[in-house]
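Subject: Structure handover

Hi,

Here is the structure for you to look over.

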Amino acid sequence: YWIATGTVASLKMKKLVEIIGLLLVVSTSTSASWGIVATRLSRYAKLALLTGVMFTLKDAADRGRLNGTTFMQLNLLSSYVFGSMSAYLYQEAGSTITGLVGATAFFSVMTVFNAVVSLVLKRKKNGN
């Protein structure tokens with residue numbers, strides 16, 4: 001989880017630098033340019049949220065609390081987000097597997113695996 005958190009945080013910082021660069025260029029431009037800035041801000045907000053989720057999951061893993069329902073749901077949500085991100089990056093890279101595509105695909109598999117393992121352990125504990 002620590003590596004996933006760091007990866008998402010670095011993507012978030014990269015997006016912030018991109019936004020600052022755009023703001024320096026489009027300060028007097030058309031509304032279409034401001035639309036691009038708004039799109040980048042939306043992507044930044046999503047990365048910021050994912051960073052918080054991954055840090056929460058990292059903390060839960062450190063405390064051995066991943067079997068909680070909330071953390072299972074966060075794992076499944078993170079898996080979906082990373083899977084979508086991987087597919088998008090794969091398409092953007094011209095159907096080439098880059099390091100970032102591989103990392104996001106791995107994080108997707110890791111989080112869904114942890115959710116399934118947590119669910120199985122929780123059911124076994126409850127006798128189902």
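Predicted model: local features only at pLDDT ≥ 70, side-chain atom pairs only at ≥ 80, totals over all residues.

Residues are numbered from 1 along each chain as its sequence is written, and side-chain values use heavy atoms, with hydrogens and water left out.

Pocket

The largest pocket has a volume of about 780 Å³. A pocket here is an open set of points on a 1 Å grid over the protein atoms alone, where a 1.4 Å probe fits, with protein on both sides within 12 Å along at least five of seven lines. The volume is the space filled by probe spheres set on the points, which are joined across faces, edges and corners.

Its lining takes in 21 residues, and Lys-15, Arg-43, Leu-47, Met-85 and Tyr-88 lie nearest the centre. Lining residues have an atom within 4 Å of a point. Helix H1 (2–25), H2 and helix H3 (69–92) each give two or more residues to that lining. H3 supplies the largest share, 8 residues. Helices are DSSP runs (H or I, at least four residues), numbered from the N terminus.

By class, the lining has 12 nonpolar, 3 polar and 6 charged residues. Nonpolar covers Ala, Val, Leu, Ile, Met, Phe, Trp, Tyr, Cys and Pro; charged covers Asp, Glu, Lys and Arg; the others, Gly among them, are polar.

Aromatic rings

The whole structure holds 2 aromatic pairs. One aromatic cluster is formed by Phe-82, Phe-106 and Phe-107. Rings of Phe, Tyr and Trp (its six-membered ring) pair if their centres lie within 6.5 Å.

Helix H2

Leu-50 lies in helix H2. It is buried, at 7% relative accessibility. Buried means under 20% relative accessible area, exposed over 50%, and partly exposed in between (1.4 Å probe, protein chains only). Not counting residues up to four places away in sequence, Leu-50 touches Val-8, Ser-78, Val-81, Phe-82 and Met-85. Contact means heavy atoms within 4.5 Å.

Lys-58 is also placed in H2, which spans residues 31–62. Buried or exposed, at 16% relative accessibility? Lys-58 counts as buried because its relative accessibility is 16%. Its side chain makes a polar contact of 2.3 Å with the side chain of Asp-62. A polar contact is a pair of N or O atoms within 3.5 Å; within protein, one must be able to donate a hydrogen and the other to accept it, and residues adjacent in sequence count only if both atoms are side-chain atoms. Leaving aside neighbours within four places in sequence, Lys-58 is in contact with Tyr-1, Trp-2 and Thr-5.

Thr-98 sits in the loop between H3 and H4. It is partly exposed, at 33% relative accessibility.

Ser-118 belongs to helix H4 (residues 99–126). It is buried, at 4%. Its side chain reaches the backbone oxygen of Asn-114 at 2.8 Å. A polar atom of that side chain also lies 3.2 Å from the backbone oxygen of Leu-66. Beyond four places in sequence, Ser-118 contacts Leu-66, Asn-67 and Met-72.

Leaving aside neighbours within four places in sequence, Ala-115 is in contact with Met-72, Asn-75 and Leu-76.

Best wishes

Methods. Phe/Tyr/Trp six-rings, centres within 6.5 Å; stacked < 30°, edge-to-face > 60°.
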